[in-house]
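Subject: Structure handover

Hello,

I am passing on a structure for you to look at.

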Amino acid sequence: MSHSATPSLTPAFSPLDISRRSLGWQAAAVVAGTAVLALASHIQVPMFPVPMTMQTLAVTLIGALYGWRLGAITVLAWLAEAWMGLPVTATGSIGTLLFVGPTAGYLISFPLVAALCGLLAERGWNGNRPVLAFVNMTLGNALCLAIGGAWLGAQIGLEKAFLLGVAPFLLGGLLKSVIGAVTLMALVRGKAGAAR
């Protein structure tokens, strides 16, 4: 029996298994990911100076499902779309204005968040292990708040930045982490059920 015929004992980190797909399929996944991010950006609760959106949920899931490289590339592609003026962000800012305002730190963190969640997912912190998937999502949300809060703090002071740009989002971050972990687990179980 050849090695290639032997089934893998280690489950794929993602039910999408994008890393084994063609470059064309991966490019389509990037386009789909940017569309999901754009949609998630417009699902929001208006808050000042930083609106609460579903962006971080989308970013953490893209990282966990796509892997660290393609996840980061997808988020960078979405940021490039925003820079070019496409209506893909929550604030409606375009071009360089997007990257100097109060939300810039959060946006800058997104490729790093996707890479972190993808890296952890590739190491087993994924839908095959729901508790670790939740920790993965939580760390991604925490990284976003840390970088975004630090950027905002440089503009308005750290205490005010924490009160306006971090504290209001802590509970939402935990809830999005739960939703992200449940989504990953459901996708894994759905794929396993379809394979039977």
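The notes below go from the overall make-up to single residues.

The model is predicted, so local features need pLDDT of at least 70 and side-chain atom pairs count only at pLDDT 80 or more, while totals for chains, interfaces and linings use all residues. Residues are numbered from 1 along each chain as its sequence is written, and side-chain values use heavy atoms, with hydrogens and water left out.

Overall make-up

The protein has seven helices and two strands. Here helices (H or I, at least four residues) and strands (E, at least two) are DSSP runs, numbered from the N terminus. Their order from the N terminus is α-β-β-α-α-α-α-α-α. Of the 196 residues, 45% are buried; buried means under 20% relative accessible area, exposed over 50%, and partly exposed in between, with a 1.4 Å probe and protein chains only. Among contacts (heavy atoms within 4.5 Å) with a separation of 6 or more, 71% are between residues 24 or more positions apart.

Helix 2 and helix 3

Two packed helices are described by the angle between their axes and the distance between the axes. The axes of helix 2 (residues 55-66) and helix 3 (residues 68-83) come within 6 Å and cross at roughly 145°. Axes are lines fitted to C-alpha atoms, for helices over the stretch in contact, and angles run from 0 to 180 degrees between N-to-C directions. On the helix 2 side the contact is made by Gln55, Val59, Ile62, Gly63 and Tyr66, and on the helix 3 side by Trp68, Leu70, Gly71, Thr74, Val75 and Trp78. These residues divide into seven nonpolar, four polar and no charged, where Ala, Val, Leu, Ile, Met, Phe, Trp, Tyr, Cys and Pro count as nonpolar, Asp, Glu, Lys and Arg as charged, and the others, Gly among them, as polar.

Aromatic rings

Rings of Phe, Tyr and Trp (its six-membered ring) pair if their centres lie within 6.5 Å; planes under 30 degrees apart count as stacked, over 60 as edge-to-face and the rest as tilted. By this rule there is one aromatic pair. The ring centres of tryptophan 78 and phenylalanine 110 are 6.0 Å apart and the planes are at 40°, so the pair is tilted. The pair links distant parts of the chain, with tryptophan 78 in helix 3 and phenylalanine 110 in helix 4 (residues 104-122), 32 residues apart. Tryptophan 78 is buried at a relative accessible area of 0%, and phenylalanine 110 is buried at 2%.

Two single residues

Aspartate 17 lies in the segment before helix 1 (23-41) and is buried, with a relative accessible area of 16%. Its phi is near 50°, a positive value in a residue other than glycine. Most residues other than glycine have a negative phi. Leaving aside neighbours within four places in sequence, aspartate 17 is in contact with Ala12 and Lys191.

Isoleucine 43 lies in the loop between helix 1 and strand 1 (44-45) and is partly exposed, with a relative accessible area of 45%. With neighbours within four places again left aside, isoleucine 43 is in contact with Met52, Thr53 and Met54.

Regards
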